[in-house]
Amino acid sequence: MSFTYKGLQASYSRHIVTEEEVNRNMERLRQQNPRIAVVTDRPTENGDEVVLDYAGFCGDEQFAGGTAENQTLVLGSGMFIPGFEEQLLDKVPGEEVTVKVTFPEAYHAENLAGKEARFECKIKEIRVKTEYDLDDTFAKEVGKCDTFAEMQEKMQQSLQAYTDERGEMDLQDQLLSQAAATLEFEISEKMLSEAIEDQMNNLRAQLAQQGLSLEMYCQFMNTTEEKLREDIKPTAEAALRSRAAIDEIVQIEQLQADEDDIAKALAVICRHNNITMEQLKEQYDAALEQAVINSVLTGKVMRLIRDAADITVGIDN
């Protein structure tokens, strides 16, 4: 079988975002953005969010970590030391309160465990959280739109753009897999082992972001690390084969990543990570440079395959 990456055939069903999907996302946005109102006509109650300054003392000595300004605290949440929040009930903005507590014996700071302390507090603001109605006020304050109808339209456009992007990425992956299947390429045991380890390291990193370890994940999923490695094997093989196909097309087509390509790729990295180019340069080493070059070349290969393919487009709805 000769290596084929032009004239490939694939079908693409474009999903049209529905009104139900728009409404579901608007509702999710409402749940994520409660309306915060400042209370001025009554003292604090359980469930209120208070804004306060405080300073903590053991005897006459102010202790480290016990001072804050403009700290927010929901009364009744149990987030502070037992007994602290209850003493802030029935207070009004501007009122100064001395809160007396005893740190738990098992408190994480050993120098404070079991000790009596006082916090000199000042209530600065009382807030309550309520749900927005799905109306023009919600559109203005959360969606930065003049009307709710405008916000709905922008939500539909955003969801459609995201759906189209994902569909296009899936299509390009499908085409690359087709091309890779025609490439004569032998995967050694060493290559496969390293690829599997890369996949495992990616999984570990993803779990770490959620506060989980690989061992905990295996317990939750009722599996083992050995079984995970076996399950990952086909994905690792496919990744190796796709990488080899990309490298082969780069050589055949003599594709290059020039300075302008790299500059654009770096700008995208900065935008996605909300950092400046100067901040990125502090982390820019040979490994990152090679990763950027590989990304640029992969993009060029994917566009080349896509442009040379015979695509049948349908509508999924």
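**A first walk through the model**

Hi everyone, let's start at Lys144, which is exposed, with a relative accessible area of 65% (buried means under 20%, exposed over 50%, and partly exposed in between, using a 1.4 Å probe and protein chains only). Lys144 sits in the loop between helix H2 (136–141) and helix H3 (148–181). Helices here are DSSP runs of H or I with at least four residues, strands are E runs of at least two, and both are numbered from the N terminus. The phi of Lys144 is near 55 degrees, a positive value in a residue other than glycine.

A quick note on what you are looking at: this is a predicted model, where local features need pLDDT of at least 70, side-chain atom pairs count only at pLDDT 80 or more, and totals for chains, interfaces and linings use all residues. Residues are numbered from 1 along each chain as its sequence is written, and side-chain values use heavy atoms, leaving out hydrogens and water.

Now please find Gln254, in the loop between helix H6 (225–253) and helix H7 (259–273). Gln254 is not a glycine, yet its phi is positive, about 55 degrees. Is Gln254 buried or exposed? At 68% relative accessibility, Gln254 counts as exposed.

Let's step back to the whole protein. There are nine helices and seven strands. The C-alpha atoms fill a box of roughly 80 × 50 × 45 Å along the principal axes. Of the 317 residues, 31% are buried. If we take contacts (heavy atoms within 4.5 Å) between residues at least 6 apart in sequence, 67% join residues at least 24 apart.

What about the inside? A nonpolar core is a set of buried Ala, Val, Leu, Ile, Met, Phe, Trp, Tyr and Cys residues joined through side-chain atoms within 4.5 Å. The largest one has 23 residues, and Leu175, Val301, Ile305 and Ile311 touch the most other members. Strand S1 (9–15), H3, H6 and helix H9 (286–307) each supply at least two residues of this core. There is also a second, separate core of 21 residues, which includes Ala68, Leu73, Phe84 and Phe103.

Which residues does Val301 contact, leaving aside its neighbours within four places in sequence? They are Ile246, Ile249, Val250 and Leu255.

Finally, have a look at Met216, which lies in helix H5 (residues 214–220). Met216 is partly exposed, with a relative accessible area of 32%.
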